[in-house]
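Please look over the structure below before reading on. The report then takes it region by region.

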Protein chains: 2
Amino acid sequence: MPDRFPHDEFAPLERLFEAQSIAVIGASFNLDKIGGKPIRYLQTAGYQGAIHPVNPRYEAIANLPCYPNIAAIDSPIDVAIIVVPSHAVDTAIDDCVAAEVPFALIFSAGFGELGEEGRRRQADLVAKARAGGLRLVGPNSLGIASSSNSLIASFASLFDRHKQLKPGRIGFISQSGAVGAFIYGIAEDDGFGFSRFVSVGNEADLDVADFMAYMANDPSTSAIGGYLEGVNDGRRFLAAADLVRRAGKPMSFMKVGQSEAGQRAAASHTGSIAGTDAIYDAAFRQAGIIRASDPQGLLDFLQFHASPEVRPARPGVAVLTVSGGCGVWCADRLSTLGLDLAEFTPETTRRLTDVLPPFASPQNPVDATGQIQNDPTMFEDCLSTLLDDPGVGTLVIALGLQELQGEAMAQQIVAAQKLAPDKCVVVAWLAGPEIVHTVLRAAGIPIFGDLARAVDLVGAAVQAHHVAAAPIPVKSFAPTASSIGALPLTEHEAKQFLAKHGIPIPHGRLCQTFDEALAAVNKIGYPVAAKGQVSGLAHKTEHGLVRLDIGSDAALRSVYDDLEQALATVGSSDDVVGILVEEMAPAGLDVIVGTLVDDVFGPTVMFGLGGVLVEIVDDVAFRVCPVTDAEAAEMIDSTRASRLLNGYRGGEPLDRDALATVISRLSQLAMTERSTIGEIEINPLRVTPDGVLALDALFADRGTA
Amino acid sequence: MPDRFPHDEFAPLERLFEAQSIAVIGASFNLDKIGGKPIRYLQTAGYQGAIHPVNPRYEAIANLPCYPNIAAIDSPIDVAIIVVPSHAVDTAIDDCVAAEVPFALIFSAGFGELGEEGRRRQADLVAKARAGGLRLVGPNSLGIASSSNSLIASFASLFDRHKQLKPGRIGFISQSGAVGAFIYGIAEDDGFGFSRFVSVGNEADLDVADFMAYMANDPSTSAIGGYLEGVNDGRRFLAAADLVRRAGKPMSFMKVGQSEAGQRAAASHTGSIAGTDAIYDAAFRQAGIIRASDPQGLLDFLQFHASPEVRPARPGVAVLTVSGGCGVWCADRLSTLGLDLAEFTPETTRRLTDVLPPFASPQNPVDATGQIQNDPTMFEDCLSTLLDDPGVGTLVIALGLQELQGEAMAQQIVAAQKLAPDKCVVVAWLAGPEIVHTVLRAAGIPIFGDLARAVDLVGAAVQAHHVAAAPIPVKSFAPTASSIGALPLTEHEAKQFLAKHGIPIPHGRLCQTFDEALAAVNKIGYPVAAKGQVSGLAHKTEHGLVRLDIGSDAALRSVYDDLEQALATVGSSDDVVGILVEEMAPAGLDVIVGTLVDDVFGPTVMFGLGGVLVEIVDDVAFRVCPVTDAEAAEMIDSTRASRLLNGYRGGEPLDRDALATVISRLSQLAMTERSTIGEIEINPLRVTPDGVLALDALFADRGTA
């Protein structure tokens with residue numbers, strides 16, 4: 001995707017996470033203080049590299065020699081932890097540069113999070129560091145952790161709970177130190193850890209994208225995710241996501257600020273607007289990032305994919321339960337998540353019919369009923385039958401209790417999974433005995449005590465499988481010079497510009513006199529539309545400047561006079577450029593297509609229903625530009641409005657391909673003209689059975705958009 | 001609500017749940033078999049009543065004398081458990097009737113769940129039992145349990161896990177034995193139990209409504225809920241819900257079959273169509289039942305309200321956290337649940353500003369930041385400030401970790417709650433030390449290790465508070481005799497009927513000749529509409545029978561001729577009844593209002609947008625009839641379409657009151673005519689700034705609907 005996103009160089013971070021020597025600038029003698037905790041955590045975790053406390057006030061800290069300054073350390077330093085007060089950070093950075101330290105973790109707060117002045121000081125630090133070959137994490141970072149080398153360069157009290165880091169293959173990036181630590185804590189309580197963990201702090205230098213790009217190639221990391229409040233540079237973020245996707249590592253992020261209330265809270269919390277949430281949704285989708293809705297779901301997804309025994313959750317979901325009610329519940333939830341239940345082969349149905357009691361139904365979801373108590377082989381037979389079905393990619397097993405038979409059933413599940421190693425099995429076992437968790441976990445089969453967690457995981461994992469299986473789209477965007485000239489444009493000028501870029505518009509002519517209008521009609525034929533053209537005027541209809549369905553010379557005469565009069569009242573004579581006479585468009589569906597330049601992701605393209613509908617239907621699709629025709633088609637299909645394109649109330653199907661082409665062309669245009677055009681709105685675009693026509697168009701420049 | 005629902009007598013069930021003596025017909029010597037387990041469970045739980053095994057093959061079972069038949073027992077029996085094979089149930093029922101037993105629990109399966117023949121046998125049993133003064137639970141029931149008297153009349157292996165029943169004040173009713181037992185198990189794992197539990201089985205006699213009505217007045221039960229697949233008699237269910245609501249007990253049910261896939265699964269599982277899910281949604285809303293979406297959410301809601309320390313979750317939700325990210329997440333989730341964050345008083349904002357560090361924001365959600373580590377009184381000050389705000393009804397506290405300070409913070413929460421006993425406090429504590437759970441639970445403050453569970457509970461609990469605070473609507477339905485006569489009706493006849501019942505229609509006249517049409521126009525004035533009227537013909541427009549905006553005598557002449565010709569081709573002369581000439585309606589919004597008789601809930605009324613919109617917008621509201629004007633207004637407001645009534649694109653607001661009146665009148669009509677009319681559809685109903693007009697109407701009879 002070379003033309004899509006700026007492939008800035010991402011920082012190589014091996015020496016950060018695999019540091020052999022760590023200096024703590026501002027080390028504290030008290031190992032419970034922020035300057036002492038990293039030393040204690042590194043020591044108790046069993047970190048094998050060198051630890052160098054730096055503080056002129058002490059000779060030694062925690063049995064380690066303490067240095068008056070970093071220059072006094074006579075071996076190379078990979079990472080400097082800076083825990084001095086904010087006013088002293090500047091000097092610490094100078095010292096690090098002088099000592100040729102490649103990475104500094106700044107725990108100190110008091111920078112960008114305090115406002116403009118702090119942001120300026122922070123930018124100065126970064127400029128100085130970069131010039132000196134030093135890369136920064138933070139300021140206001142909680143630090144990093146890396147389990148394979150027992151590295152805890154952090155002061156998070158999270159690390160007070162356990163002496164050693166739990167092993168794990170999740171790479172986790174958090175824009176909030178606290179949320180990141182909480183999630184790390186939940187993982188540890190559940191028995192696993194992360195390969196790499198970073199609290200990015202203010203992201204003055206290294207940002208989320210750098211860490212994603214590093215983790216994409218990090219052999220100790222299998223799945224990547226984290227917690228986001230808003231990214232700085234959407235295109236750089238997407239470029240990093242692209243690297244992750246190409247590396248075949250599933251990604252999931254939780255991004256807050258979905259609701260208006262959440263956005264207000266985020267603005268007050270982060271001090272900045274975090275971009276339009278719907279565009280994050282679109283960007284995540286394009287990048288193959290699964291959006292998590294809560295911390296637990298995020299962890300479940302990441303741990304599933306980080307497990308060494310992971311079996312991709314292919315579509316075709318079968319449900320096996322001993323309670324019809326649980327089966328119905330699973331069918332409901334899977335449907336909400338957009339997943340279809342697998343259709344069984346006749347062979348499967350026949351085998352199930354043989355095995356199940358007569359009152360059970362051999363359909364998906366399969367209810368083996370309470371009879372499994374009396375017939376221990378029945379459950380086994382159901383398992384093998386379902387896993388043998390080639391249409392079943394993923395099996396959800398929903399059970400409960402079974403104090404006595406639970407262990408045997410869990411072993412039956414393990415055995416069945418062994419015989420079907422390419423199938424994904426996920427178990428929900430409500431109020432089950434501890435032994436079933438032990439047996440299934442030992443075999444690497446995910447098990448939850450909660451129906452919703454199990455089914456939600458399957459939903460997210462099947463989505464991730466689709467991402468992994470989908471070809472990565474090759475974008476054909478070829479940048480050309482901007483050609484639009486000065487804005488604003490009249491409707492006529494806007495349409496001419498669109499037509500030049502391959503977007504169909506109605507036949508028409510801009511007329512200065514009634515005779516020109518008559519001549520235009522001679523070429524076009526009645527009925528026609530006539531619209532007064534005023535430069536920079538948005539709401540023509542409300543100013544009486546739009547007249548439709550004119551069917552005769554007499555009607556045209558009267559309309560022309562009316563429009564001239566209306567024009568005289570609305571615009572100065574400089575702005576009035578004439579009357580546009582156009583063919584009437586054939587009947588069809590009116591939609592809106594447009595572009596806008598998002599603060600975070602840059603040019604984006606949108607599609608939605610036109611007219612009064614947009615006001616009540618939350619059914620607008622966005623994509624980050626450029627999009628291919630195929631992506632545009634998928635974008636259209638993601639809306640409910642797309643159903644109307646199939647032809648409604650007995651009408652013919654409408655020209656979906658022509659609509660997709662307009663969207664992809666607009667997306668190219670938005671890229672080319674991104675320095676000039678803030679917004680394009682074609683409203684309406686009339687979609688007919690035989691093509692599309694831009695009936696009105698409005699351009700806004702970057703300043704006014 | 002005396003006229004709303006049939007207040008059948010609900011069965012008095014005290015003697016069932018407070019049974020002093022239980023006979024087990026078909027008792028087994030093996031206490032691990034279905035006929036032995038109830039005896040073992042009753043004994044180990046410490047049941048104080050008499051237990052009478054009945055089986056001619058044994059002298060004694062589990063040290064209890066065993067009787068050859070129930071007649072041989074010389075003391076009164078409150079409950080007979082029937083565990084004989086299905087073919088022997090008939091005789092067992094006869095024996096129970098003869099012995100004047102008031103209740104039988106039929107564990108035996110092999111009845112209604114097997115199909116028509118089983119349903120017939122089941123009905124025969126019920127008829128015989130009822131005639132003999134015997135009420136039945138089941139067949140195919142897992143039994144009942146009651147914690148206060150240690151009664152376990154069940155064979156569910158659930159009761160193998162613990163010797164004694166855990167105490168609790170939840171009344172739980174399950175249409176699935178397995179799901180009910182799983183949920184019971186989850187509750188027990190979480191440390192609490194139920195006051196009463198019943199697996200209703202096939203509900204051949206006693207059904208969900210009977211148990212709800214009993215629990216409404218049961219002093220040991222504070223909150224009522226359960227698991228539903230579909231109720232038999234919707235009106236009886238609503239009458240029981242009404243009793244519960246009047247008793248002031250919160251109710252929550254999980255009802256499966258929300259999705260199409262779920263409905264298919266439910267149909268295959270229960271063997272019957274469970275009614276339209278959207279109508280369940282509406283009925284639950286009208287009855288004040290909170291619909292739970294999963295077992296865990298259901299339990300969280302019920303346990304919250306069953307707790308002796310329950311503090312109603314009043315609206316005005318404040319969030320206090322130590323992580324801005326958690327605060328934003330809570331704001332998002334609360335918004336999704338339809339809850340608004342409380343707006344703080346200036347006093348609260350001032351106090352927060354004093355207390356919080358300068359970089360924290362004194363807004364809701366309140367982020368006390370990591371500074372609480374350094375300033376232990378800050379958290380306390382935030383708590384008291386927020387609980388002092390009169391606009392704050394409920395406080396969500398979102399924390400994490402705090403291995404060292406957690407206990408002190410938990411105690412601060414307990415102290416703050418004590419000082420604000422009328423405020424509801426709910427805590428989410430991610431990866432917190434065990435001690436915080438111990439401290440908060442001891443004080444009756446709900447605490448969860450999961451953000452979503454805490455916030456979702458607050459969402460449901462605030463909804464329950466609204467139910468409790470809302471007046472119970474008094475329905476004014478006064479049944480009158482049906483007056484509609486024979487269906488089908490032409491549009492004209494349908495409109496006349498509606499007009500008679502107070503629903504506005506356009507001025508118009510049914511004409512047999514062109515002269516009559518001219519005469520009609522003389523009274524109405526141009527422009528007019530003309531529509532061919534054919535009895536029983538639904539799609540007039542498609543048959544060319546609708547012509548609008550006729551503006552002159554000449555145009556009328558030509559239209560009249562066209563319509564006569566069209567009429568000649570579509571209907572036999574018997575069905576053609578003339579041409580309806582009507583005034584053209586003023587501009588406005590076209591909506592659909594209608595009624596339909598639901599299999600479960602009987603007459604219902606619906607409202608939605610008209611036109612092409614209904615096909616893509618899932619935005620139709622239903623209510624069980626009758627509804628008051630106020631309920632109709634609330635129903636309108638529950639749709640997104642209601643926004644269009646406010647006036648859109650600068651238009652005047654439309655007449656919402658007139659629309660509500662039509663809905664309530666239709667709902668009365670649907671009740672009166674329920675034996676005749678299956679469906680009424682007014683499509684469109686034109687809503688204008690000054691009233692409404694039914695522009696077309698269609699009636700379907702009970703047979704064809």
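The model is predicted.

**Helix α3 of chain A**

Helix α3 of chain A spans residues 89–98. Its buried residues are Val89(A), Ala92(A), Ile93(A) and Cys96(A). Viewed down the axis of α3(A), these buried residues fall within an arc of 100°, so they line one face of the helix. Just after α3(A) comes Glu100(A), with a positive phi of about 60°.

**The nonpolar core**

In soluble globular proteins, nonpolar side chains tend to be buried together. Here, the largest nonpolar core has 443 residues. Ile81(A), Met212(A), Ile81(B) and Met212(B) have the most contacts inside that core. Take Met212(B). Leaving aside residues up to four places away in sequence, Met212(B) touches Ile173(B), Ile224(B), Ala240(B), Ala241(B) and Val244(B).

**A helix pair in chain B**

Two helices of chain B, α10 and α16, have axes that come within 10 Å. The table gives their ranges and the residues through which they meet.

| Helix | Residue range | Residues that meet the other helix |
|---|---|---|
| α10(B) | residues 295–306 | Gln296(B), Gly297(B), Asp300(B), Phe301(B), Phe304(B), His305(B) |
| α16(B) | residues 451–469 | Arg453(B), Asp456(B), Leu457(B), Ala460(B), Ala461(B), Ala464(B) |

The two axes cross at roughly 60°. That makes α10(B) oblique to α16(B). The crossing of α10(B) and α16(B) is right-handed.

**The contact between chains**

How many residues does each chain give to the contact? Chain A gives 69 residues and chain B gives 69 residues. On the side of chain A that touches chain B, the elements giving two or more residues are α5 (177–189), α8 (260–270), α10 (295–306), α11 (324–336), α16 (451–469) and α21 (642–645) of chain A. Of these, α11(A) gives the most, with eleven residues.

**A loop residue: Lys33(A)**

Lys33(A) lies in the loop between β1 and α2 (37–45) of chain A. Is Lys33(A) buried or partly exposed? A residue needs 20 or more other C-beta atoms within 10 Å to be buried, and 12 or fewer make it exposed. Lys33(A) has 14 other C-beta atoms within 10 Å, so it is partly exposed. Lys33(A) and Cys326(A) are 293 residues apart in sequence. In space they are 51 Å apart, C-alpha to C-alpha.

Notes:
Residues numbered from 1 in each chain as written. Chains lettered and ligands numbered in written order. Predicted model: local features only at pLDDT ≥ 70, side-chain atom pairs only at ≥ 80, totals over all residues. Helix = DSSP H or I, 4+ residues; strand = E, 2+ residues; numbered from the N terminus. Arc of directions from axis to C-beta. Core = buried A, V, L, I, M, F, W, Y, C linked by C-beta atoms within 7 Å. Contact = placed C-beta atoms within 7 Å. Axes fitted to C-alpha atoms, helices over the stretch in contact; angles between N-to-C directions. Parallel < 35°, antiparallel > 145°, perpendicular 65-115°, else oblique. Left-handed = near helix turned anticlockwise from the far one by under 90°.
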